[in-house]
Amino acid sequence: MDEYIPTERGAGWSQDQRAELWLVCIVVGLLIAMLVFVLHAAWPSFSHNGLGWFGTGGRVDGQIQAIFTSGDLKSTPLYVFHAWPLIWSTALITGVAVVIAFGSSLFVAVFIVEFAPDWLRGVLEPVVRLLASVPSVIYGLLGVLILVPLIGNHLITQQEKASVNPTVQLSGYGLLAAILVLTIMVAPIMIAVFVNGLRAVPRNWIEGSLALGINRWRTFWMVAVRTARPALVAGTVLATARALGESVMLSMLSGGVGFAPNPADGLIFLFEPSRGLASTILFNTDELSSPPMQHTLYAIAAVLLFSAVMLSFAGWAAKQPMKRYGVIA
Amino acid sequence: MRSSKKVLAALTAVVVVLGAPAAAIARTTIFGSGSSAEQPILNLLFKAYSKLHKNIAFAYNPDGGNAGVKDVQKGRSALAVNTRPPLPSDSGTTQFKIFLDGLCVAVNPANSLGNLTISQTKNIFLGLTTAWNSVGGSNLSATIDPIGRNSTAGSYTFFQSAVLGGKTQASNVNPQTSDGLVATAIKNDSNAIGYVGLAHSQPGSGVKTVSLNGVACNQTTIKRETYPLFRYIWAVVPTAHPSVPVEKFIDWVRVNHQAGLIISRAGAVPAFNK
Amino acid sequence: MGGEAADEALRGDRVSVTVSPAPPRPLGRVPTRRPESSASWRLSDRIGLAVAWALGLFFCALTAAIVIYLLVQGLRYVSPHLFVTHPTAGFSETQTGGFLDPLIGTGIVALIAMGIALPVGTAIAVWLSEFGRPAPLARVAEATVEMLAGAPSIVLALFGALIFESPLLGFLSQQTNHVVLGRSFFAAGAMLSLVALPLVVTNVREGLQAIPSHVREASYAVGKSKVATTRRVLLPAARPSVVTGAMLGLGRVIGDTAIVLVLLGATLNLQGAGGPAILSTLRGQGSTMTSYIYENAPTGEGNQPTKAYAAAFVLLMIVLALNVLVDLAGRRARELRWS
């Protein structure tokens with residue numbers, strides 16, 4: 001089945017198309033250059049630390065300071081860096097926020113598509129779109145001015161402060177504030193994608209199930225949600241990518257200490273401050289003029305970029321069954 | 001596509017038309033960077049100097065004193081302002097004392113604490129003293145919340161060498177990215193203690209300074225250099241190719257009486273060519 | 001995503017699409033009968049429905065709370081003089097001035113970023129949707145755009161710092177003794193265009209794919225070339241999608257903070273880099289509304305919360321306005337739906 005394109009050869013390959021081809025090549029090339037540049041700039045830090053880069057050892061903030069001050073003209077640069085507290089912080093905050101957001105987004109998406117009365121659907125859809133487009137710095141500002149004082153003054157007791165005292169200071173900036181706000185930030189992204197996926201489910205499949213006498217709630221979860229699974233994966237991937245790369249809001253709310261919150265501390269652990277990979281880059285961008293510090297920051301960026309690429313790959317893989325399903329429908 | 005091209009063309013035209021006549025005015029811009037603690041004072045000095053010398057303008061990037069020195073070493077700034085004495089790692093730079101400041105130790109006004117010794121301060125910031133009831137003179141008994149600066153800050157390096165004996169501050173010290181933030185954190189937390197430049201502990205800042213080894217932190221004691229944490233603020237310029245306008249400006253700050261007046265009004269102490 | 005997949009399915013084989021069964025009736029759009037009440041359901045199902053209701057109402061309440069809170073704070077702290085005074089460093093609300101410079105900065109950054117992202121993104125979308133050969137390159141380009149959408153903006157910022165510091169690009173930022181600063185409106189705008197690009201590409205592409213093949217065939221039949229068809233028929237028809245993509249991209253650009261903080265310098269004022277007036281500003285450093293809010297939040301260097309509230313209010317109003325525009329464009333796109 002060939003498409004009918006009258007000017008495919010000769011005149012069809014006009015300047016316009018050639019220019020566009022070049023443009024595509026340039027953008028693709030730029031992205032590959034980005035990967036190469038970042039990895040190249042990151043290499044000294046990885047090669048000096050080996051796998052220990054991802055491990056624990058010493059205080060990461062002390063290491064960062066030592067790396068920064070070693071970057072002058074005379075002394076030999078230091079590279080010792082063990083990023084575990086930063087990795088743990090990012091994984092913990094992202095993981096918990098995405099899990100909470102996933103659960104609530106699924107319910108909201110199902111609600112919007114099938115169960116909400118028309119007036120409420122008319123309100124919810126623009127609301128979700130607005131929540132998704134509020135800049136992260138505004139979320140951060142609201143968190144700093146409302147949530148952090150609330151947690152710091154009312155939820156954290158003196159005993160709790162004293163119990164972790166010599167190690168870390170509980171001030172309201174910490175996991176709880178970060179996770180709550182991040183959940184609110186990524187949930188709208190998930191809801192939007194989930195809603196699209198659920199809407200694409202053929203109506204007659206659901207009606208078939210309804211005809212069997214299964215109630216609407218059960219039918220929708222058994223049929224529609226199950227069919228839209230690829231969309232659920234795609235939305236989750238998109239939201240996770242956003243959460244992983246979030247630097248600004250987290251640098252405002254998670255507390256600026258390179259500390260790995262310890263779940264063994266019980267519930268207090270939720271109040272403990274930490275600093276993730278992305279916010280560490282943001283915190284230290286003023287130190288880019290010190291060469292070893294520059295390499296270390298690019299190493300952190302490389303880890304983030306690698307995770308993002310892996311995630312988009314996962315998202316692409318998750319979309320493939322969707323395409324097949326689209327053809328069936 | 002077509003319309004966006006038109007918009008681009010129009011924009012280019014605007015840039016060309018508006019850009020052309022302004023090129024005639026020749027102005028030297030001095031690019032500086034460094035201490036955020038001293039930025040309010042520096043801004044006043046820049047403004048006064050630009051008024052005197054119409055052809056000089058300033059652009060200042062408050063990225064932290066230590067970062068400022070690195071900028072000068074790399075040639076990105078013609079002038080850096082730092083709040084700690086020169087270190088061996090500052091190679092390739094020449095540094096001048098421009099004025100005097102003190103690093104005040106401050107607590108919340110709700111705290112009755114009036115005096116600390118240097119070693120008491122050291123123990124607090126190393127995490128060895130953790131509760132106010134083990135600090136004499138305080139009416140509080142709760143956990144101490146120490147507030148400090150981050151490692152790009154000259155204040156941090158100064159505090160580290162002058163109080164902590166070169167050690168790194170404890171992990172329970174809450175690092176802030178500017179002196180103003182330290183002051184705010186102390187204002188909002190009755191159990192807090194922190195270190196800030198003199199200008200940030202003025203009346204109205206919501207913090208209370210405590211005496212160190214029995215000497216109060218104010219302009220008089222700093223001028224007499226009796227306050228233990230008095231410090232010179234340093235102007236850092238590249239040794240290899242110093243810029244002449246920058247050196248003239250530094251001389252003006254160091255010796256001129258109008259500059260001295262601005263400095264003392266802003267809450268620091270003029271050094272007058274020391 | 002589902003819609004995208006359906007579109008792709010429609011497009012995959014333009015001729016066969018006419019013989020394939022009609023696309024499924026979308027769920028939400030048709031008012032559905034509600035023949036059964038939940039009273040007869042199992043308890044667990046009723047609890048589930050209640051949770052769905054509660055979460056739905058929670059999101060409405062949350063948004064209302066955010067908007068009303070910022071509205072109240074905004075009305076309290078926004079005053080006209082904030083829009084016309086420059087920000088200055090100081091210790092109190094009265095000393096620190098307004099947000100004229102950041103407002104201008106946001107405009108400049110948005111112009112540069114969209115000035116790059118809109119034409120480039122449209123061109124890529126046209127190429128992907130209408131030409132797309134050689135096929136491997138098309139697949140790589142698609143993957144690239146997808147990766148770009150997932151790349152953290154702080155990583156883009158660091159990458160920008162690296163490339164704009166190179167002497168080759170020295171003319172785009174301030175230069176002293178042959179050392180390039182690499183922080184300028186050009187640098188920030190260029191990297192921000194990468195943030196907007198995927199949104200433009202995705203939306204324009206979807207718009208083009210929604211145009212059925214008989215439209216193209218009609219144009220070929222009257223003797224127009226493929227390029228002319230694209231220019232004169234397809235792109236004008238897809239204009240609502242172009243607008244949607246542009247607005248969504250613009251929203252991301254003016255909302256981004258990380259790239260601005262890294263690539264626009266640590267100053268709140270517009271600081272020219274010397275040279276002709278406008279070029280000097282574009283090559284110089286500055287700030288945007290987002291970096292102004294960041295610096296004036298209690299966690300930033302400036303720490304003037306009331307200024308931050310005022311700026312956040314203004315920024316939220318801009319975002320709201322963009323949302324309304326997207327809505328209008330979406331409505332027009334739906335009116336134009338081909339069937």
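## Strand 4 of chain B, and where the chains meet

Let's start with a pairing: strand 4 of chain B and strand 9 (residues 208–212) of chain B run antiparallel and are joined by three bridges. Two strands count as paired if DSSP finds at least two bridges between them. Helices (H or I, at least four residues) and strands (E, at least two) are DSSP runs, numbered from the N terminus. What you're looking at is a predicted model, where local features need pLDDT of at least 70 and side-chain atom pairs count only at pLDDT 80 or more, while totals for chains, interfaces and linings use all residues. Residues are numbered from 1 along each chain as its sequence is written, and chains are lettered from A and ligands numbered from 1 in the order in which they are written.

Back to strand 4 of chain B. In strand 9 of chain B, B:K208 is the bridge partner of B:V107. B:V107 also has a bridge partner in strand 8 of chain B, namely B:I193. Strand 8 (residues 192–197) of chain B pairs with strand 4 of chain B over five bridges, again in the antiparallel sense.

There are other partners to find. Strand 10 (residues 230–238) of chain B runs antiparallel to strand 4 of chain B, with nine bridges between them; here B:T94 sits opposite B:V237. Strand 11 (residues 269–270) of chain B is antiparallel to strand 4 of chain B too, joined by two bridges, and its B:V269 is the bridge partner of B:L100.

Is strand 4 of chain B largely enclosed or largely open? Eleven of its 15 residues (93–107) are buried, so the rest of the structure largely encloses this strand. A residue is buried if 20 or more other C-beta atoms lie within 10 Å of its own, exposed if 12 or fewer, and partly exposed in between, with C-beta atoms placed from the backbone.

Now for the meeting of the two chains: 27 residues of chain A are in contact with 25 residues of chain B. Contact means that the C-beta atoms of two residues, placed from the backbone, lie within 7 Å. On the chain A side, helix 2 (60–69) and helix 6 (158–163) are the elements giving two or more residues. Helix 2 of chain A gives the largest share, five residues.

A:P292 is 225 residues away from A:I67 in sequence, yet their C-alpha atoms are 6.0 Å apart in space. Leaving out residues up to four places away in sequence, A:I67 touches several residues, including A:L78, A:F81 and A:P292.
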